[in-house]
Amino acid sequence: MNIFIRLILILIPIIFFSFFYLYINDDDYYPGADFRVIDMPKFEINDLYKDQRFTHLDLEGSYLINVWASWCITCRVEHGFLQKLSDQNIPIVGLNYKDDKEDALNWINKFGDPYKFIIHDLKGRLALDMGVTGAPETFLLHNGKIIVHYRGEVNKMIWNDVFIPIINKEDIFNND
Amino acid sequence: MIKNSFYLLLIVSSMIHANSLYEFESLEDEKRFYSLIKEVRCPKCTSGSLASSNAPVSEDIKQKIIELIKEGKTDREIKDFLSFRFGNDVLYNPGFNESTYFLWITPVVFLTLCLLVFLFRRKS
């Protein structure tokens, strides 16, 4: 009996510390990543250049949706990597979030345009429906469903660790 | 006399423009709104409720909550709507689901074990 209790007294702290040790050292844990599968909300929004109207029906197939704004400094940091993805024929749709049209166009002219098209969500109505809390955020859309939602800057490491496993699993973007 | 009425006008004129920040159809709705925003975390804050936050996204969510209240949604439906979009951690009171059952059950199991060991020892 005494041995049993002694064993428990020794085991409890060991389990406790190993639990936290494993939890803290979990390298694959990305707090910004959300892998729940959610239907893409329906929308109808003007594009940034005001001559076309886009709806959710224009997003058939697979796309990255990148939420950005000219006031967002991290978006500037992220921009180079998006350009690289776009060079690899990955279709990216820009969602311009709560931004002045002029500022956004100037930004695109200055730094380049990695987007297939850009929708202008001035009030952030669509973004709220998609669960956007700020910029930048990136979504992976596949057949009308959001399958990855990443809050924060996407760079090479995030792309390889968060997006690539899902892209390979679902067999997306292998048309090149 | 003119001077006094001028002062009076100054004092009263500010009240003409006084208005509540959010418009509600009934007092009941207003109460529901103010209790809801205390129970929902602002997704952009480390740990602050919507009520404590002026972040743009919090303002948007507050407007959305008002809209949903006007549409006649229940508190449960509004909370589900928000946790569906912003994740379970926007709710301060964690529900009982597959990611939290461990959290809820462990203390009960632990206390039961303690009690069992205690009773067992007393007998021997």
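Student: Where does I66(B) lie?

Tutor: In this predicted model, I66(B) lies in helix 3 of chain B.

Student: Why is I66(B) called partly exposed?

Tutor: A buried residue needs 20 or more other C-beta atoms within 10 Å, and an exposed one has 12 or fewer. I66(B) has 19 C-beta neighbours inside 10 Å, so I66(B) counts as partly exposed.

Student: Which residues does I66(B) touch, not counting residues up to four places away in sequence?

Tutor: With those sequence positions left out, I66(B) touches Y22(B) and F33(B). As for Y34(B), which is 32 residues from I66(B) along the chain, the two C-alpha atoms are separated by 10 Å.

Student: What makes K98(A) count as buried?

Tutor: The cut-off for buried is 20 or more other C-beta atoms within 10 Å. K98(A) has 20 C-beta neighbours inside 10 Å, and therefore counts as buried. This lysine sits in the loop between strand 6 and helix 3 of chain A.

Student: What does K98(A) touch, not counting residues up to four places away in sequence?

Tutor: On that count K98(A) touches A69(A), L122(A) and G124(A), and also P56(B) from the other chain. L122(A) is 24 residues from K98(A) along the chain, and their C-alpha atoms are separated by 4.4 Å.

Student: How many residues does each chain bring to the contact between A and B?

Tutor: Chain B brings eleven residues and chain A brings nine. On the side of chain B that touches chain A, helix 3 (56-70) and helix 4 (75-86) of chain B are the elements that give two or more residues. Helix 3 of chain B gives the most, with four residues. By class, that side of chain B has five nonpolar, two polar and four charged residues.

Student: How do you know that chain A is more spread out than a compact globule?

Tutor: For 176 residues the globule rule gives 16 Å, whereas the radius of gyration of chain A is 21 Å; that is well over the rule, so chain A is more spread out than a compact globule. The C-alpha trace of chain A spans about 80 × 35 × 30 Å along its principal axes.

Student: Which secondary structure does chain A have, and in what order?

Tutor: Chain A has five helices and nine strands. From the N terminus on, they run α-β-β-β-β-β-α-β-α-β-α-β-β-α. Among contacts in chain A between residues at least 6 apart in sequence, 73% join residues at least 24 apart. Of the 176 residues of chain A, 32% count as buried.

Student: Which residues touch the most other members of the largest nonpolar core?

Tutor: That core has 35 residues, and V67(A), Y97(A), A127(A), F139(A), L140(A) and V148(A) touch the most other members. Elements of chain A that give two or more residues to this core include strand 6 (92-97), strand 8 (137-142) and helix 5 (156-170). Strand 5 of chain A gives the most, with five residues.

Student: What does V148(A) touch, not counting residues up to four places away in sequence?

Tutor: V148(A) touches A33(A), F35(A), F139(A), L140(A), V162(A), F163(A) and I166(A) on that count.

Student: How is chain B divided into domains?

Tutor: The domain assignment gives domain 1 (23-93) and domain 2 (100-124) of chain B. The C-alpha centres of these two domains lie 38 Å apart.

Terms used:
Residues are numbered from 1 along each chain as its sequence is written. Chains are lettered from A and ligands numbered from 1 in the order in which they are written. This is a predicted model: local features need pLDDT of at least 70, side-chain atom pairs count only at pLDDT 80 or more; totals for chains, interfaces and linings use all residues. Two residues are in contact if their C-beta atoms, placed from the backbone, lie within 7 Å. Ala, Val, Leu, Ile, Met, Phe, Trp, Tyr, Cys and Pro count as nonpolar, Asp, Glu, Lys and Arg as charged, and the others, Gly among them, as polar. Domain bounds come from an automatic or database domain assignment. A nonpolar core is a set of buried Ala, Val, Leu, Ile, Met, Phe, Trp, Tyr and Cys residues joined through C-beta atoms within 7 Å. The radius of gyration is taken over C-alpha atoms; the globule rule is 2.2 Å times the number of residues to the power 0.38.
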